2 protein chains.
Amino acid sequence: MERLSLNQATVKHLSLADAAALCVRHGIPAIGVWRDRVAEVGLDRAAAAVRAAGLHVSSLCRGGFFTRADAEGLRAARADNRAAVAEAAELDADTLVLVCGGLVPGQRDLGVARRIVADAIGDLVSYAQQLGVRLGIEALHPMFCADRSVISSMDEAVDLALQFPADAVGVVVDTYNVWWDARLVDGIARAAGRIAGYQVGDWVLPLPQDTLLGRGHVGDGVIDFRPITAAVTAAGYAGYVEVEIFNADVWAAPADLTAAKVRERFAAI
Amino acid sequence: MERLSLNQATVKHLSLADAAALCVRHGIPAIGVWRDRVAEVGLDRAAAAVRAAGLHVSSLCRGGFFTRADAEGLRAARADNRAAVAEAAELDADTLVLVCGGLVPGQRDLGVARRIVADAIGDLVSYAQQLGVRLGIEALHPMFCADRSVISSMDEAVDLALQFPADAVGVVVDTYNVWWDARLVDGIARAAGRIAGYQVGDWVLPLPQDTLLGRGHVGDGVIDFRPITAAVTAAGYAGYVEVEIFNADVWAAPADLTAAKVRERFAAI
């Protein structure tokens, strides 16, 4: 249990303070924090609350959404990502999760979008190093390629991360997004020393209307977690395992039941 | 226009005879045929109707769904696929499209499912060669990995096809399923001489409840068809380009309007 982390999106309706209290009540030592919940109370108070609860911050969600081609959009994305780095530093988060952004609005060129992502991460690296923050590139499921992340596979995320120093840029492995990939274990092996976070959530059929919300409790779906966890471990990752579930039914359940189930399922894998 | 084919799923509510007549009315020289519509009238009559209309059959949809572990299920899948090969031969189809099947029911092991697929195709090859039918392995989008096809990327489909003689096993490139892949152009290049079919349909946001039905008319979505078509052409494919759209709105439209739009959009790419 000392490696378990609860991503606060799993209990979406709780404030940061309430999510932190939930973790403490259930003996969960770490939390994955979302920026909108930090903004609600202000960064200083958020950091103080998490610290007072004795919780480690396994990740801050999230930076990214780099894929703009207009000067104004690029400036805004740059400013927002620098703010996210500063927040991750203040929260002492193990990684700032990057969801890189989909196609450039109004364009169909995947290559252009991917180059914008690489350039934007390159632009962010020195600031992240200066503040001691590690960026974690997360490959999203290919069904989100158009609108959320043109980085759609582990290999792609690793290829991108390898362009930068290992202390500054790693990858985040999220089972829901990458479980299907025949090259997954090899891709994770290529990320040795570069794994900045490990998030788990199951793939549950049928997919709901909003495919973002198809994630289920570990064990409720079809993902075989053992080989993925083994690969992540073999790649040298010894950090927290963050349970992250976007699911309308889970959100409707009492948070204490959810936390108890997260613990129970985590123990089982 | 001499390379255009209409997959009959695009006009789902038409019988084979009506779909064939539609193609003739709109000067579309080829058709992609579905087995349920063939079964409706019987194989002999179906083949005769298509021949009488002067249409070429660019594909028969579909064989596959190999991933059973029980003896009964395996036997049934084998029998069904041999029947599909015989139908493809009788229809003189350019390829029998294989949708390989998802996880084995009740199992989570992707490796097992993928080995079952490879074994089943291997088992089918000599019969296909004997009847002069080329099997076309179609990589489905990773969002269908659990329930429809564990073959989720072009590279995977190519790796599988390369295990068998080129005359017997190729790959079918379907834009809707593979457009997101950073390795797509390389994967298609690896399939040189192995491309058994090219299907086009666009990726339209937002995805509908049933993600199978997210396909749109070419140009209505985000896919950049030019580089994909260029790669398919460079790989030596000179066959039909089959427009295949599963979409509730398209199905609700008058079939003649749909056929006209298919022609118009095809001309544009």
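Helices (H or I, at least four residues) and strands (E, at least two) are DSSP runs, numbered from the N terminus. Two strands count as paired if DSSP finds at least two bridges between them. In chain B of this predicted model, eight strands close into a barrel with parallel pairing. Chain A can be superposed on chain B by a rotation of 180°.

How the model is written and read:
- Residue numbers start from 1 along each chain as its sequence is written, while chains are lettered from A and ligands numbered from 1 in the order in which they are written.
- Because the model is predicted, local features need pLDDT of at least 70 and side-chain atom pairs count only at pLDDT 80 or more, whereas totals for chains, interfaces and linings use all residues.

The barrel of chain B:
- The strands follow the order 1-2-3-4-5-6-7-10 around the barrel of chain B.
- From one strand to the next, the twist averages 30°; angles run from 0 to 180 degrees between N-to-C directions, and axes are lines fitted to C-alpha atoms, for helices over the stretch in contact.
- Strand 2 (residues 30–34) and strand 3 (residues 56–64) of chain B run parallel and are joined by five bridges.
- Across this pair, B:Val33 stands opposite B:Leu60 of strand 3.

Helix packing in chain B:
- Two packed helices are described by the angle between their axes and the distance between the axes.
- For helix 3 (residues 43–52) and helix 4 (residues 71–91) of chain B, the angle is about 35° and the axes are 9 Å apart.
- In this packing, B:Leu43, B:Ala47 and B:Val50 of helix 3 meet B:Glu87, B:Glu90 and B:Leu91 of helix 4; residues are in contact if their C-beta atoms, placed from the backbone, lie within 7 Å.

The barrel of chain A:
- In chain A, eight strands close into a barrel in the order 1-2-3-4-5-6-7-10, with parallel pairing.
- Three bridges connect strand 4 (residues 96–99) of chain A with strand 5 (residues 135–138) of chain A, and A:Val97 stands opposite A:Gly136 of strand 5.
- Helix 6 (residues 154–161) of chain A lies across strand 5 and strand 6 (169–174) of chain A, at about 165° to strand 6.

The two copies:

Conventions:
Two residues are in contact if their C-beta atoms, placed from the backbone, lie within 7 Å. Copies are superposed by least squares on the C-alpha atoms of residues with pLDDT of at least 70 in both.
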